[in-house]
Amino acid sequence: MKGMHKSFMSRIAIYPGSFDPLTKGHLDIIRRASALFDELIVAVVGNPSKRSLFSLEEREVMLKESLHDIANVKTASFSGLLADFVRSCGACAIVRGLRGGADFENERQMAALNRVLAPDTDTVFLMTSDRYACVSSGAVKEIASLGGDISNFVTPSVEKRVRQRLSERKLC
Ligand code: ADP
(Lines give C-alpha, C1' and ligand atoms only; values in the text may rest on other atoms or scores of the structure.)
Protein backbone atom coordinates (compact mmCIF):
# COMPACT_ATOMS: atom_id res chain seq x y z
CA MET A 1 0.00 0.00 0.00
CA LYS A 2 1.93 2.95 -1.33
CA GLY A 3 2.10 6.11 0.72
CA MET A 4 1.15 4.50 4.03
CA HIS A 5 3.62 4.99 6.84
CA LYS A 6 4.98 1.68 8.13
CA SER A 7 4.36 2.45 11.81
CA PHE A 8 0.73 3.18 10.97
CA MET A 9 0.35 -0.32 9.57
CA SER A 10 2.41 -2.21 12.18
CA ARG A 11 0.31 -4.60 14.24
CA ILE A 12 1.97 -4.81 17.64
CA ALA A 13 0.91 -7.39 20.22
CA ILE A 14 1.94 -7.80 23.85
CA TYR A 15 2.37 -11.24 25.43
CA PRO A 16 2.45 -10.58 29.18
CA GLY A 17 3.27 -13.16 31.82
CA SER A 18 5.26 -14.05 34.91
CA PHE A 19 7.62 -16.35 32.97
CA ASP A 20 9.03 -17.65 36.28
CA PRO A 21 10.63 -19.44 34.50
CA LEU A 22 10.02 -19.41 30.72
CA THR A 23 8.80 -22.84 29.55
CA LYS A 24 8.52 -24.58 26.18
CA GLY A 25 4.75 -23.95 26.47
CA HIS A 26 5.40 -20.18 26.52
CA LEU A 27 7.83 -20.54 23.59
CA ASP A 28 5.17 -22.39 21.60
CA ILE A 29 2.74 -19.47 22.09
CA ILE A 30 5.48 -16.92 21.27
CA ARG A 31 6.28 -18.65 17.96
CA ARG A 32 2.61 -18.83 16.99
CA ALA A 33 1.92 -15.20 17.94
CA SER A 34 5.05 -13.89 16.21
CA ALA A 35 3.72 -15.34 12.94
CA LEU A 36 0.43 -13.45 13.34
CA PHE A 37 1.66 -9.96 14.22
CA ASP A 38 4.26 -7.57 12.78
CA GLU A 39 5.85 -7.21 16.19
CA LEU A 40 5.44 -9.19 19.39
CA ILE A 41 6.60 -7.75 22.71
CA VAL A 42 7.00 -10.46 25.34
CA ALA A 43 6.68 -8.60 28.63
CA VAL A 44 7.60 -9.85 32.08
CA VAL A 45 5.10 -8.58 34.62
CA GLY A 46 6.38 -7.55 38.04
CA ASN A 47 3.80 -8.51 40.62
CA PRO A 48 4.97 -7.75 44.19
CA SER A 49 2.28 -10.00 45.69
CA LYS A 50 3.61 -13.11 43.84
CA ARG A 51 6.74 -14.74 45.28
CA SER A 52 9.03 -15.53 42.37
CA LEU A 53 12.09 -17.74 41.95
CA PHE A 54 13.76 -15.24 39.59
CA SER A 55 13.93 -11.44 39.61
CA LEU A 56 12.24 -9.41 36.89
CA GLU A 57 15.65 -8.79 35.26
CA GLU A 58 16.62 -12.48 35.35
CA ARG A 59 13.32 -13.48 33.78
CA GLU A 60 13.84 -11.00 30.96
CA VAL A 61 17.40 -12.31 30.40
CA MET A 62 15.98 -15.85 30.06
CA LEU A 63 13.56 -14.56 27.43
CA LYS A 64 16.35 -12.79 25.52
CA GLU A 65 18.53 -15.95 25.57
CA SER A 66 15.74 -18.01 24.00
CA LEU A 67 14.25 -15.50 21.58
CA HIS A 68 17.21 -13.94 19.77
CA ASP A 69 16.50 -16.00 16.65
CA ILE A 70 12.98 -14.61 16.09
CA ALA A 71 13.37 -11.27 14.28
CA ASN A 72 10.06 -9.63 15.15
CA VAL A 73 10.04 -10.46 18.88
CA LYS A 74 11.20 -7.98 21.52
CA THR A 75 11.32 -8.32 25.28
CA ALA A 76 10.33 -5.89 28.02
CA SER A 77 9.38 -5.83 31.68
CA PHE A 78 6.97 -3.64 33.56
CA SER A 79 5.24 -3.20 36.89
CA GLY A 80 1.80 -1.67 36.98
CA LEU A 81 -1.33 -1.89 34.94
CA LEU A 82 -1.20 -4.00 31.76
CA ALA A 83 -3.68 -1.63 30.07
CA ASP A 84 -1.26 1.30 30.60
CA PHE A 85 1.70 -0.69 29.26
CA VAL A 86 -0.29 -1.77 26.21
CA ARG A 87 -1.22 1.84 25.47
CA SER A 88 2.37 3.05 25.90
CA CYS A 89 3.52 0.47 23.30
CA GLY A 90 0.77 1.34 20.81
CA ALA A 91 -0.30 -2.32 20.77
CA CYS A 92 -3.56 -3.53 19.23
CA ALA A 93 -3.67 -6.92 20.98
CA ILE A 94 -2.83 -8.82 24.15
CA VAL A 95 -1.83 -12.45 23.58
CA ARG A 96 -2.56 -15.14 26.15
CA GLY A 97 -2.02 -18.88 25.94
CA LEU A 98 -4.68 -21.45 26.75
CA ARG A 99 -3.99 -24.97 27.95
CA GLY A 100 -7.58 -25.92 28.74
CA GLY A 101 -10.81 -24.98 30.45
CA ALA A 102 -9.27 -23.84 33.72
CA ASP A 103 -7.06 -21.30 31.92
CA PHE A 104 -10.08 -20.10 29.97
CA GLU A 105 -12.14 -19.29 33.06
CA ASN A 106 -9.35 -17.16 34.55
CA GLU A 107 -8.48 -15.53 31.26
CA ARG A 108 -12.06 -14.64 30.42
CA GLN A 109 -12.32 -12.39 33.47
CA MET A 110 -8.98 -10.73 32.79
CA ALA A 111 -9.89 -10.12 29.13
CA ALA A 112 -13.21 -8.55 30.17
CA LEU A 113 -11.47 -6.21 32.63
CA ASN A 114 -8.86 -5.23 30.05
CA ARG A 115 -11.62 -4.52 27.53
CA VAL A 116 -12.97 -1.91 29.94
CA LEU A 117 -9.54 -0.49 30.81
CA ALA A 118 -8.18 -0.51 27.23
CA PRO A 119 -11.21 -0.56 24.89
CA ASP A 120 -9.10 -0.35 21.71
CA THR A 121 -7.17 -3.53 22.54
CA ASP A 122 -8.43 -7.07 22.03
CA THR A 123 -7.19 -10.17 23.85
CA VAL A 124 -6.21 -12.95 21.46
CA PHE A 125 -6.13 -16.51 22.81
CA LEU A 126 -3.87 -19.12 21.28
CA MET A 127 -4.13 -22.82 22.03
CA THR A 128 -0.90 -24.53 22.93
CA SER A 129 0.28 -27.75 21.24
CA ASP A 130 -1.09 -30.83 23.03
CA ARG A 131 2.36 -31.85 24.21
CA TYR A 132 2.74 -28.61 26.23
CA ALA A 133 -0.78 -28.55 27.65
CA CYS A 134 0.48 -30.05 30.93
CA VAL A 135 3.41 -27.64 31.29
CA SER A 136 3.39 -24.75 33.76
CA SER A 137 6.13 -22.72 35.43
CA GLY A 138 4.81 -23.90 38.80
CA ALA A 139 5.07 -27.59 37.84
CA VAL A 140 8.60 -27.04 36.47
CA LYS A 141 9.71 -25.53 39.80
CA GLU A 142 8.07 -28.30 41.81
CA ILE A 143 9.53 -31.14 39.71
CA ALA A 144 13.01 -29.56 39.79
CA SER A 145 12.87 -28.99 43.55
CA LEU A 146 12.06 -32.69 44.00
CA GLY A 147 15.05 -33.70 41.87
CA GLY A 148 13.06 -34.58 38.72
CA ASP A 149 14.02 -34.11 35.08
CA ILE A 150 12.65 -30.86 33.57
CA SER A 151 14.46 -31.07 30.23
CA ASN A 152 11.23 -31.85 28.33
CA PHE A 153 9.62 -28.67 29.61
CA VAL A 154 12.31 -25.95 29.45
CA THR A 155 15.33 -25.05 27.28
CA PRO A 156 18.81 -26.19 28.43
CA SER A 157 19.76 -22.63 29.51
CA VAL A 158 16.60 -22.25 31.62
CA GLU A 159 17.18 -25.72 33.10
CA LYS A 160 20.68 -24.69 34.17
CA ARG A 161 19.42 -21.49 35.78
CA VAL A 162 16.62 -23.29 37.67
CA ARG A 163 19.03 -25.91 39.03
CA GLN A 164 21.53 -23.23 40.04
CA ARG A 165 18.88 -21.13 41.83
CA LEU A 166 17.44 -24.12 43.68
CA SER A 167 20.88 -25.22 44.84
CA GLU A 168 21.60 -21.66 46.09
CA ARG A 169 18.31 -21.74 48.01
CA LYS A 170 19.24 -25.06 49.63
CA LEU A 171 22.49 -23.52 50.89
CA CYS A 172 20.60 -20.67 52.63
P1 ADP B 1 0.70 -15.52 34.53
O2 ADP B 1 1.23 -15.55 35.93
O3 ADP B 1 0.43 -14.17 33.97
O4 ADP B 1 -0.39 -16.52 34.24
P5 ADP B 1 2.49 -17.30 33.19
O6 ADP B 1 3.92 -17.05 32.93
O7 ADP B 1 2.13 -18.42 34.09
O8 ADP B 1 1.96 -15.93 33.69
O9 ADP B 1 1.70 -17.45 31.81
C10 ADP B 1 1.67 -16.46 30.85
C11 ADP B 1 0.69 -16.85 29.77
O12 ADP B 1 1.13 -18.04 29.15
C13 ADP B 1 -0.72 -17.16 30.28
O14 ADP B 1 -1.63 -16.78 29.26
C15 ADP B 1 -0.72 -18.66 30.43
O16 ADP B 1 -2.02 -19.20 30.33
C17 ADP B 1 0.13 -19.05 29.25
N18 ADP B 1 0.79 -20.33 29.41
C19 ADP B 1 1.52 -20.79 30.45
N20 ADP B 1 1.97 -22.03 30.23
C21 ADP B 1 1.50 -22.38 28.99
C22 ADP B 1 1.60 -23.55 28.18
N23 ADP B 1 2.22 -24.64 28.60
N24 ADP B 1 0.99 -23.54 26.99
C25 ADP B 1 0.32 -22.44 26.58
N26 ADP B 1 0.18 -21.32 27.27
C27 ADP B 1 0.77 -21.28 28.47
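Where does Phe19 lie? In this predicted model, Phe19 is in the loop between S1 and H2. Phe19 has a positive phi of about 50°, although it is not a glycine. Its relative accessible area is 2%, and because residues under 20% count as buried, Phe19 is buried.

The loop holds another feature of the backbone. Pro21 also lies in the loop between S1 and H2. The peptide bond that leads from Asp20 to Pro21 is cis, with omega near 0°.

We can now turn to the aromatic side chains. A pair of aromatic rings is described by the distance of the centres and the angle of the planes. The structure has three aromatic pairs. One of them joins Tyr15 and Phe19, with 5.3 Å from centre to centre and 75° between the planes, and this pair is edge-to-face. Tyr15 and Phe19 are both buried. Another pair is made by Phe78 and Phe85. The ring centres of Phe78 and Phe85 are 4.3 Å apart and the planes are at 5°, so this pair is stacked; the cut-off for stacked is an angle under 30 degrees. Phe78 and Phe85 are buried as well.

For Ser18, an N or O atom in the side chain is 2.6 Å from an oxygen atom of the ligand. For Lys50, a polar side-chain atom lies 2.5 Å from an oxygen atom of the ligand. For Gly97, the atom concerned is a backbone N or O atom, and it lies 2.8 Å from an oxygen atom of the ligand.

On its own the ligand has 540 Å² of accessible area, and the protein covers 87% of this. The space that the ligand takes is the largest pocket.

Is His26 buried or exposed? With a relative accessible area of 17%, His26 is buried, because the limit for buried is under 20%. His26 and Ala133 are 107 residues apart along the chain, and their C-alpha atoms are separated by 10 Å.

Technical notes: Residues are numbered from 1 along each chain as its sequence is written. This is a predicted model: local features need pLDDT of at least 70, side-chain atom pairs count only at pLDDT 80 or more; totals for chains, interfaces and linings use all residues. Side-chain values use heavy atoms; hydrogens and water are left out. Rings of Phe, Tyr and Trp (its six-membered ring) pair if their centres lie within 6.5 Å; planes under 30 degrees apart count as stacked, over 60 as edge-to-face and the rest as tilted. Buried means under 20% relative accessible area, exposed over 50%, partly exposed in between (1.4 Å probe, protein chains only). A polar contact is a pair of N or O atoms within 3.5 Å; within protein, one must be able to donate a hydrogen and the other to accept it, and residues adjacent in sequence count only if both atoms are side-chain atoms. Accessible areas come from the Shrake-Rupley method with a 1.4 Å probe; for residues, only the protein chains shown count as cover. On a 1 Å grid over the protein atoms alone, a cavity is a set of points where a 1.4 Å probe fits but cannot get out, and a pocket is an open set with protein on both sides within 12 Å along at least five of seven lines; lining residues have an atom within 4 Å of a point. A molecule sits in a cavity or pocket if more than half of its atoms lie within 2 Å of its grid points. Helices (H or I, at least four residues) and strands (E, at least two) are DSSP runs, numbered from the N terminus.
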